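Visitor: Can you walk me through this one? Keep it quick.
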Amino acid sequence: LFLSSAAAILTTVGIIFSLLFETIKFFQTINFFDFMFGLSCSPQKAFVRDAGANHAHPTQGLLDAFTIKKFKERFDNLSVAIVGDIKHSRVARSEIHALSTLGVPDIRLVGPSEFMPTDMDQLDLAIFENMENGLKNVDVIMMLRIQKERMIGSIIPEDEEYSERFGLRKKHLLVAKKDAIIMHPGPMNRGVEIDSDVADSKQSVILAQVTFGIAIRMAVMSM
């Protein structure tokens, strides 16, 4: 559905619930339409936002928090590095919100300055433009792909150039903690933001994320 106004949202909500649906799973391409949509819903109905334009991906944030809990047990002693295209990522913002809420004391953003949102300084997070410094002694490495489809009017770096500076390789794992886990919300660009031998290594929990994602989203839909 293409909704262009608040009136269109109200009309659409009425039509959908007239069809006796009890739950709406919502994906929008314009920021904050989900907020307006949610306000329009009856308290007796369920409204689930799966992903929102370029500012949030709540269910991914939930499943990644669950994954970290499964492998690390505690949040209050962790260092987590989020690496890549933070600016255009829905996942990054949900991760930051979830991890901050759960008490993670050290959240780091690693990537080129042009991929950092202008409001990140308000969140009091450490920002690094160097992989070795950003990954030093971290417990969790969360890789993000370049969101080329959302870079309207932006300069998109060449894959080779980006990979050379911010692609995760085995050498980078030497500066992280020995039991650090590697995460990626997918889809992966092997050889760009992550090398295959890292993605398939024993430290990688990427496939576990996929498995847990099914359970988490089923749980959300059943609420």
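Guide: Start with Glu160, which is exposed, at a relative accessible area of 60%. Exposed means over 50%, buried under 20%, and partly exposed in between (1.4 Å probe, protein chains only). This is a predicted model: local features need pLDDT of at least 70, side-chain atom pairs count only at pLDDT 80 or more, and totals for chains, interfaces and linings use all residues. Residues are numbered from 1 along each chain as its sequence is written, and side-chain values use heavy atoms, with hydrogens and water left out.

Visitor: Where does Glu160 sit?
Guide: In helix H6, residues 159-166. Helices (H or I, at least four residues) and strands (E, at least two) are DSSP runs, numbered from the N terminus.

Visitor: How many helices and strands does the chain have?
Guide: Nine helices and seven strands.

Visitor: What share of the residues is buried?
Guide: Of the 223 residues in the chain, 48% are buried.

Visitor: Switching topic. Is Asn189 buried or partly exposed?
Guide: Asn189 is partly exposed, with a relative accessible area of 32%. Its place is the loop between strand S7 (181-183) and helix H8 (196-199).

Visitor: What is Asn189 in contact with, leaving aside neighbours within four places in sequence?
Guide: Arg145 and Ile194. Contact means heavy atoms within 4.5 Å.

Visitor: And how far apart are the C-alpha atoms of Asn189 and Asp159?
Guide: They are separated by 9.5 Å, and the two residues are 30 apart along the chain.

Visitor: What about contacts across the chain, at a separation of 6 or more?
Guide: Residues 24 or more positions apart account for 71% of those.
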